[in-house]
Amino acid sequence: MPRPVVDIDLPEVAGGSRGLTGALAVPDGPGPWPGVVLVFEAYGLNDVMRRQVARLADAGYLALMPDLFAEGGARRCLGATFRALRAGEGRAFVDIETARAELAARADCTGAIGVLGFCMGGGFALAAAINGGFSAASANYGMLPKDLDALAGACPVVGSYGARDRSLRGAAATLERVLAEHDVPHDVKEYPTAGHSFLNDEETGPPLVRMITRPILGAGPEPEAAADAWKRIEAFFAEHLGGPRA
C-alpha cells in the first residue's frame, strides 16, 4: 500500500506565495521524527515528486514539499522562481522557510530539519544550506551558488551529480573542493553512468522538451546510481538529523 501523501495549507507569509500548499507524508510509529523540506524539480509537484516525498517518510522523516508554483503553475511561476534562485532571495525562499517553520512547529517533529532538492530544487537546497535554519542539505544535480565562498557558512551538505549531465559539468568537483576548503562536513559524488534527474523513478516533462534537452542533460532514471545516492543521503541525514526520538 503506497504511503499517503496529503496536501496541506501552509500559512501565507509576507513576501511568500498566496494560497501556498504543500505535500506532506508522515512516517509510521509514534515519533517524534526529524523533518525534511523537499524542493521539486522544474516541472513542479507532479506524481514523481510526490513519490519522493513518500520515500523520505518511509526513511523515517516528516517530509513536506511546498508548492513553489502555487500562484499559477510552472508556466507562470518557473521564470520568477529561477530568478529568485539566481538572486538568492525572493518568494521561493520565503515559501521554503514557511515549510521549514511548519515542520518545526509540529509536536511530532524533533526540531532537526534538513532540506533536499532535485534539479532546480537542488540549487535551492544549496542556497538554503547557506541561509541558515537547516541542519543538513541534500543537493541533487543542483546549480551552484554564484558566490561559492558563501558556502563557508553552510550546514553539512550531501551532493549527487551525474557525469552525463553536460549542463553541470565540473559542478561536483567544484562543490567538493569548496566545501573541503571551508571545512564544511560533506559527501559529494558524481556518477559516471547518470545524467540529470537520475533519482526519479520515471521520466518527467513534456516529450518534446525531453527530446530537445536529452543531448545536454542526459536526463532520466538510473536505478543503480539512484540506489547508491539514496543510501548516502539517508546515512548523511541519519548522522546530522538523527532519527525518531524515543
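This is a predicted model: local features need pLDDT of at least 70, side-chain atom pairs count only at pLDDT 80 or more; totals for chains, interfaces and linings use all residues.
Figure 1. At the N-terminal end the cap is provided by Asn46, with a side-chain oxygen that lies 3.2 Å from the backbone nitrogen of Val48.

Figure 2. Arg3 is found in the segment before strand S1 (6–9), and it counts as buried because its relative accessibility is 18%, where buried means under 20%. Its side chain makes a polar contact of 2.5 Å with the side chain of Asp58, and another, of 3.2 Å, with the side chain of Asp28. When residues up to four places away in sequence are not counted, Arg3 touches Ala25, Val26, Pro27 and Asp28, and also Ala54, Ala57 and Asp58.

**Figure 3. Helix H3 and the elements packed against it.** Helix H3 is made of 15 residues, 91–105, and its first and last C-alpha atoms are 21 Å apart, close to the 21 Å expected at 1.5 Å a residue. The buried residues in H3 are Ala92, Phe93, Asp95, Ile96, Thr98, Ala99, Arg100 and Leu103. They pack against strands S2, S3, S4 and S5, and against helices H2 and H4.

**Figure 4. Arg100 within helix H3.** The place of Arg100 is in helix H3, and this arginine counts as buried because its relative accessibility is 17%, where buried means under 20%. The side chains of Arg100 and Glu97 are joined by a polar contact of 2.9 Å. Beyond the residues up to four places away in sequence, Arg100 touches Val37, Ile113, Gly133 and Phe134. Arg100 and Leu241 are separated by 141 residues in sequence, whereas their C-alpha atoms are 14 Å apart in space.

**Figure 5. Arg232 within helix H7.** Arg232 lies in helix H7 and is buried, with a relative accessible area of 11%. The side chain of Arg232 makes a polar contact of 2.9 Å with the side chain of Tyr191. Not counting residues up to four places away in sequence, Arg232 touches Val158, Gly159 and Ser160, as well as Asp187, Val188, Lys189 and Tyr191.

**Figure 6. The largest pocket and its lining.** About 480 Å³ of space lies in the largest pocket. Of the 27 residues that line this pocket, Ala42, Cys119, His196, Ser197 and Leu217 are the closest to its centre. The elements that give two or more residues to the lining are helix H2 (73–87) and helix H6 (207–217), and H6 gives the most, with five residues. By class, the lining divides into 14 nonpolar, eight polar and five charged residues.

**Figure 7. Leu217 and its surroundings.** Leu217 is found in helix H6, and it is one of the residues closest to the centre of the largest pocket. Leaving aside neighbours within four places in sequence, Leu217 is in contact with Arg164, Asp165, Ser167, Gly195 and His196. Leu217 and Gly162, although 55 residues apart in sequence, are 9.1 Å apart in space from C-alpha to C-alpha.

**Figure 8. The second largest pocket and its lining.** The second largest pocket has a volume of about 230 Å³. It is lined by 15 residues, of which Leu85, Gly88, Ala127, Pro145 and Lys146 lie nearest its centre. Helices H2 and H4 (120–131) each supply at least two residues of this lining, and H4 gives the most, with five residues. The lining of this pocket has nine nonpolar, three polar and three charged residues.

How values were computed. Residues are numbered from 1 along each chain as its sequence is written. Side-chain values use heavy atoms; hydrogens and water are left out. On a 1 Å grid over the protein atoms alone, a cavity is a set of points where a 1.4 Å probe fits but cannot get out, and a pocket is an open set with protein on both sides within 12 Å along at least five of seven lines; lining residues have an atom within 4 Å of a point. Grid points are joined across faces, edges and corners, and a volume is the space filled by probe spheres set on the points. Helices (H or I, at least four residues) and strands (E, at least two) are DSSP runs, numbered from the N terminus. Ala, Val, Leu, Ile, Met, Phe, Trp, Tyr, Cys and Pro count as nonpolar, Asp, Glu, Lys and Arg as charged, and the others, Gly among them, as polar. A polar contact is a pair of N or O atoms within 3.5 Å; within protein, one must be able to donate a hydrogen and the other to accept it, and residues adjacent in sequence count only if both atoms are side-chain atoms. Buried means under 20% relative accessible area, exposed over 50%, partly exposed in between (1.4 Å probe, protein chains only). Contact means heavy atoms within 4.5 Å. The expected span of a helix is 1.5 Å times one less than its number of residues.
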